[in-house]
Amino acid sequence: MFRVFLLVYTITTPALGLSPLGLDRNFTMSTAETDEYQCACLPSFNCIPEKHYCNTTRGVGCYSIKERTSFGVDVRRGCGMDNQKHLMNCQGKRDNVWTDGPDIAVRCCSYSFCNADNDPELKATKVVEEMTFNMSMLMAVLVPIGVLIIAVIIVFFVFRHLQKQRPESRENLRVREELLPQEYGGIRVTQVGDSTLQELIDESCTSGSGSGLPFLVQATVARSISLIECIGKGRYGSVWRGRYHDENLAVKIFSSRDEASWLRETEIYNTCLLRHEGILGYYASDMTSRNSCTQLWLIMHYHENGSLYDYLQSTTLDWEEMLRLCHSAAAGLVHLHTEIVGNQGKAAIAHRDIKSKNILVKSNGLCCIGDLGLAVTHTQENNKIDLGRNNKVGTKRYMAPELLDETLNPEYFEAFKQVDVYAFGLVMWEVARRCVTEGMVDDYKPPFWDVVPSDPSFDDMKKVVVIDQQRPAIPNRWSSDTILHQMSRLIQECWTNNPKARLTSLRIKKTINQLLNQPQCKKVKDTNKC
Ligand code: ADP
Ligand code: MG
């Protein structure tokens, strides 16, 4: 179990002194849970950019972690995520008392800048310093060390021997050495908990509304991941396959200039209930500052089939496979778009960058939606649209006409959902082209491949979609196939010019479900036809 949870339950009066960060302190102890104050912040994803503090409320509080890592002693400070999570991470205590584990010390507290100073010496160091030097003690130290060194040498040779017998593992090591950029520091190893990721996630189920690991655990997990190979490059950085113990996971590494996208994705996953089979699973976010360069990581479930775009390049589909891909992606979109009211609920979310590269294909042939860096949220209670701080826009090829002619009303949340549905229509068109009927299939092509260049400009798209009102061509063979014919009607109702006339994501999902239930669409085993 993680030492991060070992807290001392003694209550002391917090010591107030001058902040080492040179920040003013507010000594007022407020009683209301909602009173706002600030915590020292060093580095954490909820720091106010370029400041050394973050805002919190009395109901949530501040934390400090001092941890011994293989890079030295790491100190992190920041604000808790929300009341429930923070309380869980602090095991219900916000009493400003440090834990006293040998390699990690944690403190949770709840008044202004209470986490700013007074980091204790980590115990292990203290013990070594206090030791008096004498002969018997020298023997007591040297003998176990000698035994340990011999054991390490034996393990090393056994391991090397095993490696030689497993060419795949050798290959992994080679890939690791060649591909790891220097700045990522190679393999990151520190103290590792014994729990699997799933166990950690299950433990966090009770901890509130976020969908990842408890957030104090996130940094510890991140520091125990080995990066293995680069599996994708997107607009905001690169995606790597990583290993945590024996488990694969995907690590998205954002360049520091795209902090806003990392922050947005982190925020959405940590504040919204997003655990759903149609949404890419999330484990953790991590921000570290090493060699004066900021590393921003987002740690997700890994899917070896890659994106729907990758998958469609090499795979043809029968009716059922096509419908299952579209149905599962539509189910993910419905979950995003739906607000769930209540304590454990979620805001409505519009994705704003729906495309086949942002949908992943799981090993069971179903899809999940990823890349929430542009998402906007809305809650009916206060009718507030939260656009985040990201001034990026979606992928031009998939932009709806109202974005291209700039008539979209950003005050009206439904408009963002309608934009998602337009793009989803294009994605279904890409999928349906790969469905084999009577031995015929269309090559994979991105939407508008025949009328715009490979990296189209805003004006290229505007000319085609708004001025000429073009949409991707529906191949002739679709009209003679019952299922593809109905798919083409569904697709056209998604990309229609008038946003209000478009289907809702729920209607799309239900219609595909009806198609899946048609008797001719039950798969005949060992054939590629319905
Ligand atoms: P960006 O925001 O930079 O576009 P994405 O999250 O869309 O990043 O990922 C870029 C690419 O990396 C995807 O198109 C896909 O090929 C690959 N990828 C992303 N996440 C995963 C994952 N969880 N498992 C496998 N491949 C992934
Ligand atoms: Mg992407």
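Ligand 1 has 18 residues around it, with Gly234, His301, Lys357, Asn358 and Asp371 coming nearest (near means a heavy atom within 4 Å). The model is a predicted one, in which local features need pLDDT of at least 70 and side-chain atom pairs pLDDT 80 or more, while totals for chains, interfaces and linings use all residues. Side-chain values use heavy atoms, with hydrogens and water left out.

By class, the shell around ligand 1 splits into 7 nonpolar, 6 polar and 5 charged residues, with Gly counted among the polar ones. Strand 6 (226-234) and strand 8 (247-254) each put in at least two residues, strands being DSSP E runs of at least two residues. Strand 6 gives the most, at 3 residues. Domain 2 (182-300) and domain 3 (308-529) both contribute to this shell, so ligand 1 lies between them; the domain bounds come from an automatic or database assignment.

As for polar contacts (N or O pairs within 3.5 Å), oxygen atoms of ligand 1 pair up with the side chain of asparagine 358 at 2.7 Å, with a backbone N or O atom of lysine 357 at 2.9 Å, and with the side chain of lysine 252 at 3.0 Å. Taken alone, ligand 1 exposes 550 Å², and the protein buries 92% of that (Shrake-Rupley areas, 1.4 Å probe).

Notes. Residues numbered from 1 in each chain as written. Chains lettered and ligands numbered in written order. Polar contact = N/O pair within 3.5 Å; in protein donor to acceptor, adjacent residues only side chain to side chain. Helix = DSSP H or I, 4+ residues; strand = E, 2+ residues; numbered from the N terminus.
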